[in-house]
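Colleague: Could you take me slowly through the enclosed and open spaces of this model, and then through the packing of the interior? I would like one connected account.

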Amino acid sequence: MPIRTRPTTWRTLATAATAALTATLLTPAAADAAAPRESRPVHSYADAIREAVWVDTGLDEDLDGRTDRVAVDIVRPREAGRAGRKVPVIMDASPYYSCCGRGNESQTKTYDGHGDIVRMPLFYDNWFVPRGYAVVGVDLAGTSRSDGCVDVGGRSDIRSAKAVVDWLNGRATAYSSRTGGERVRADWTDGSTGMIGKSWDGTIANGVAATGVKGLKTIVPIAAISSWYDYYFTQGAPLYDSGPDWLARYVQTPEAREHCTEVARELTDGAPRTGDHTPLWTERDYVRAAKKVRASVFLVHGMQDLNVRMQHVGPWWDALGKNGVRRKIWLSQTGHVDPFDFRRAEWVRTLHRWFDHELKGIDNGIDREPVADIERAPDEWVTSTAWPPRGTHTVTLRPAHGARDGVGTLGLRPGRGTASFTDDPALDETDWATRIDLPTPEKAGFVTRPLTRDLRLAGSSRVTVTVTPSTPTAHLSAVLVDLGPDTIRDYADAGEGIVTLPERTCWGASTEGDSSCYRETRAKTADVGHTVVSRGWADLGEHAGTGRGEPLVPGKRYTIALDLAAADHVVPRGHRLALIVAGTDRGLIDPPADSPTLTLDLARTSARVPFAGGAAAFARATSGPPVTAPHTAPDGVRPPAATAHRVPGETR
């Protein structure tokens, strides 16, 4: 259990758990002799070695005539070196260490007069250094104390961190200063490295793993990007009115802004706002390189993350599985939130066991435990031995006309005829869902009858539509919705599903300059009448799937498949499942140049949805004696207001 403190108390602590106090009295040799099933806090955090090196990336992105060096701050146990023991490394490579901060409290790195690290953001060093790990914080090229340029997931970003893994394994060169200096060897590590990080940091972990670099044993990407194209676009539809050039300027140093004009030009020219899939995006697609991944992957993501959306989970998870990568996954109900802030005690315990197993080789059984933890309700978690669970099969659902004009049905039988809607960029998925039983002009909605038993959806869905537009441009949205009352995490709130409290708990050892005590949180909940389960969007001009959009011919029929985000959700007995097809989803995609009316061909429109138990489970849940649909509240969680310049990692 963590040690609790009053809000204003910042005491130096030897450990985060009173049960571990006895272990701090043991020598490392005695601890090893006991052969524990977990690493223990037997090393002094106060006496840890704190140092900085600059690793040569071999690139000259800022064109100053010398190869770029990235700053690497290190905290490692002194006793291990004295005893001749080499230690594994936990590494977080980030662009945010000086510009923006890390974690719920936006911590930045701080240094002493010699330039050595005093405070490493987050709890990793406080917890893991006493347990025999080195913790390394890497400033990406072009940020903080590093040379070079930010290229937003490209070779400079990835090489920043990969070069450090290479140095830790004796394959790259580091120096004692940013310019000149003596060569420094990493003779204190066994080379076994685990990368961790949230958002952009976790994205770098994905990208480095996709290089296949030797020595990288595991990665823990939290709310991370797997393809940068899918951060800015979804099948041609723009998500934000900015591109990677803006993001690079946001995080890089003034020096980098001055010297990296060529990289900035490449980011601007290579990422046109047309949504075309260019070579720049191909370079930043880690899914296509999943076959190179050697490291195991512990993936964490919020199913209502509208910053780094769940579209980044399904393809990456599936590609890793296809290539035999050992995987583990946590899926929460939150938005863009770190698990330290939505499931703290269990997160620290699980992460500790994961790194012990993957980096120290301790047989603690975590590899034989369930693969997936899913938050089914706020602070209520279930597990699955596999994810998606075994017995999950894709079922083809068909929209059809219902008894009331403009209110359709969703089932296994094909429909006939057409349904029309007119894009209204002022409306969003909440507006559509709350008016699902009304024949409103901005959407086409189709619902099942009230379910007679629970129905679990797990995995990625795809909605194929055949549609005739009235204008040369059109954007489409497809949304799966659970219609029925529930209490969920309020992901649209500023905290994205959490409330930060004044009380602090402590996780590891502390020094005067680096406390392990962080503000506690609790779930921020909302009572809703419906829950959006999964979303997908597309530019109809991308119908050919070539990666290049084209103008539409008004009155011509087109077929396009919209890939919906992965999800894991149980639609309860008495609720209904809805499919909504509409135009612009306000705040989530940008509108097209026109405001089209689109006509669906129902016979050629379908949704392929993964259900636990497959078609038989869906048939059972939608048959039997009638069930009275529960009264639903008139609203749901509204999506956050549109953010023109969203930053992966800026939010919680």
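**Spaces and interior packing**

Modeller: The model is a predicted one, and it holds six cavities of 30 Å³ or more. In the largest cavity there is about 80 Å³ of space, and the residues that line this cavity are M303, D305, L306, R309, M310, Q311, V533, S534, R535, W537, A565 and A566. Sorted by class, that lining consists of seven nonpolar, two polar and three charged residues.

Among the lining residues of the cavity are V533, S534, R535 and W537, and the strand that spans residues 525-539 is strand 27. Because 13 of its 15 residues are buried, strand 27 is largely enclosed by the rest of the structure. Strand 24, which covers residues 475-489, runs antiparallel to strand 27 and is joined to it by 13 bridges; within this pairing, D486 of strand 24 has V528 of strand 27 as its bridge partner. As a general point, side chains in a regular strand alternate between the two faces of the sheet.

Turning to the open spaces, the largest pocket contains about 730 Å³. Its lining is made up of 32 residues, and those nearest the centre of the pocket are D230, Q235, P315, R462 and D563. By class, the lining of the largest pocket divides into 10 nonpolar, 14 polar and eight charged residues. Several elements supply at least two residues each to this lining, namely helix 6 (229-232), strand 12 (233-234), helix 11 (314-322) and strand 28 (558-563), and the largest share, three residues, comes from helix 11.

The surroundings of W200 can be described in some detail: leaving aside residues up to four places away in sequence, W200 touches P95, Y96, L140, V150, V152, D157, W228, L247, V251 and P648.

Terms used. Residues are numbered from 1 along each chain as its sequence is written. This is a predicted model: local features need pLDDT of at least 70, side-chain atom pairs count only at pLDDT 80 or more; totals for chains, interfaces and linings use all residues. Side-chain values use heavy atoms; hydrogens and water are left out. On a 1 Å grid over the protein atoms alone, a cavity is a set of points where a 1.4 Å probe fits but cannot get out, and a pocket is an open set with protein on both sides within 12 Å along at least five of seven lines; lining residues have an atom within 4 Å of a point. Grid points are joined across faces, edges and corners, and a volume is the space filled by probe spheres set on the points. Ala, Val, Leu, Ile, Met, Phe, Trp, Tyr, Cys and Pro count as nonpolar, Asp, Glu, Lys and Arg as charged, and the others, Gly among them, as polar. Helices (H or I, at least four residues) and strands (E, at least two) are DSSP runs, numbered from the N terminus. Buried means under 20% relative accessible area, exposed over 50%, partly exposed in between (1.4 Å probe, protein chains only). Two strands pair if DSSP finds at least two bridges between them. Contact means heavy atoms within 4.5 Å.
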